[in-house]
Amino acid sequence: MILPTVAIVIPTRNRTEFLRRCLSKLVPYVSSHPECSITVSDDGDASVTREALRGEMGIVQVIQGPRRGPAANRNCGAAHSTGELLIFLDDDCIPEENLIATYQDAARKSPEIAVFEGRISAIGRAKGFADICPENETGGYLWSCNFAIRRELFNRTHGFDDRFPFAAVEDYELHFRVKQLSTVLFLRDARVWHSYERRVGWKTVKHLMLSDLLFLHIHGLEATRKTPLYCIRTVARDLLLKAPKYLRAGTVKDPGQLVFQCWARLQESLIILFWRYRAPLARLFYPPCCSGCESIHSVLADRQPPAEMRKPT
């Protein structure tokens with residue numbers, strides 16, 4: 001039995017405690033399987049992370065990230081790794097010990113499939129409207145914290161689009177492209193555990209909305225099938241279904257976050273309705289607060305985005 005060579009790629013930034021916890025589940029398998037390797041791309045200070053991983057985790061390759069957001073950081077890790085199957089994980093995940101073996105086995109048995117989607121199980125439960133977790137128990141998503149892709153397809157699609165500066169929509173955008181070229185197989189046994197993370201404030205919502213508008217700008221409204229009605233339905237679903245569910249569960253912390261989310265979606269519906277004026281409307285509704293915001297606004301102002309550079313070939 002010939003197993004495919006594997007490169008596990010983990011982006012990080014100043015989170016050595018999370019990273020060590022994640023790696024502790026991977027290093028024993030990689031240590032006994034020479035066809036596997038681990039590359040950590042650090043958008044913080046790679047030398048600090050290297051020092052923290054000395055000793056039993058010394059087999060992990062740590063490289064300096066480009067400091068241009070998680071999409072660019074993952075691409076950097078992939079470029080500095082070797083292996084025909086790329087497994088992407090996040091540093092705050094807790095992988096089950098059979099994760100790598102499950103991906104290898106699926107890749108060996110299904111050579112016609114190039115993308116494998118892992119299972120993500122939540123630790124605990126949400127305590128309020130600002131708590132999020134990329135839970136994925138039944139498939140249909142390609143969250144960047146747990147999936148595998150053959151390097152040939154990853155290179156063919158140019159990987160993650162590094163015009164996305166935030167940890168938002170960049171994995172959805174990659175999924176949008178790769179599913180046009182390969183079946184995505186969900187692997188229930190390729191499992192990681194992920195805690196809820198509290199993301200509170202208008203800034204987090206603004207970054208998500210700008211990332212969503214960037215996605216629509218690159219691929220177009222027709223291809224993405226995004227309409228003002230879609231946004232309004234999302235708001236209605238949150239108010240009529242999500243809010244009562246949280247109320248019944250007693251998890252009503254940060255109710256202002258729900259208001260922010262609904263208000264932002266209504267603003268997005270207006271931008272889509274007047275799509276020709278998306279750049280000035282986006283700047284009006286979501287004024288820049290950082291270089292990442294400014295970079296998205298610059299792309300939105302380009303009437304002819306270089307989407308062809310990112311389309312599958």
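Reader: Which residues of helix 10 are buried?

Author: The buried residues of helix 10 are Cys231, Thr234, Val235, Asp238, Ala243 and Tyr246. Buried means under 20% relative accessible area, exposed over 50%, and partly exposed in between, with a 1.4 Å probe and protein chains only. Helices are DSSP runs of H or I with at least four residues, strands are runs of E with at least two, and both are numbered from the N terminus. The model is predicted: local features need pLDDT of at least 70, side-chain atom pairs count only at pLDDT 80 or more, and totals for chains, interfaces and linings use all residues. Residues are numbered from 1 along each chain as its sequence is written, and side-chain values use heavy atoms, with hydrogens and water left out.

Reader: What do the buried residues of helix 10 pack against?

Author: They pack against strand 7 (131-132) and helix 11 (255-273), where contact means heavy atoms within 4.5 Å.

Reader: Where is the kink in helix 10 centred?

Author: The kink, of about 35°, is centred on aspartate 238. The bend at a residue is the angle between axes fitted to the seven residues ending there and the seven starting there.

Reader: How many disulfides does the structure hold?

Author: It holds zero disulfides, a disulfide being a pair of cysteine sulfur atoms within 2.5 Å. Cysteine 93 is in no disulfide, as the nearest cysteine sulfur, that of cysteine 145, is 4.2 Å away.
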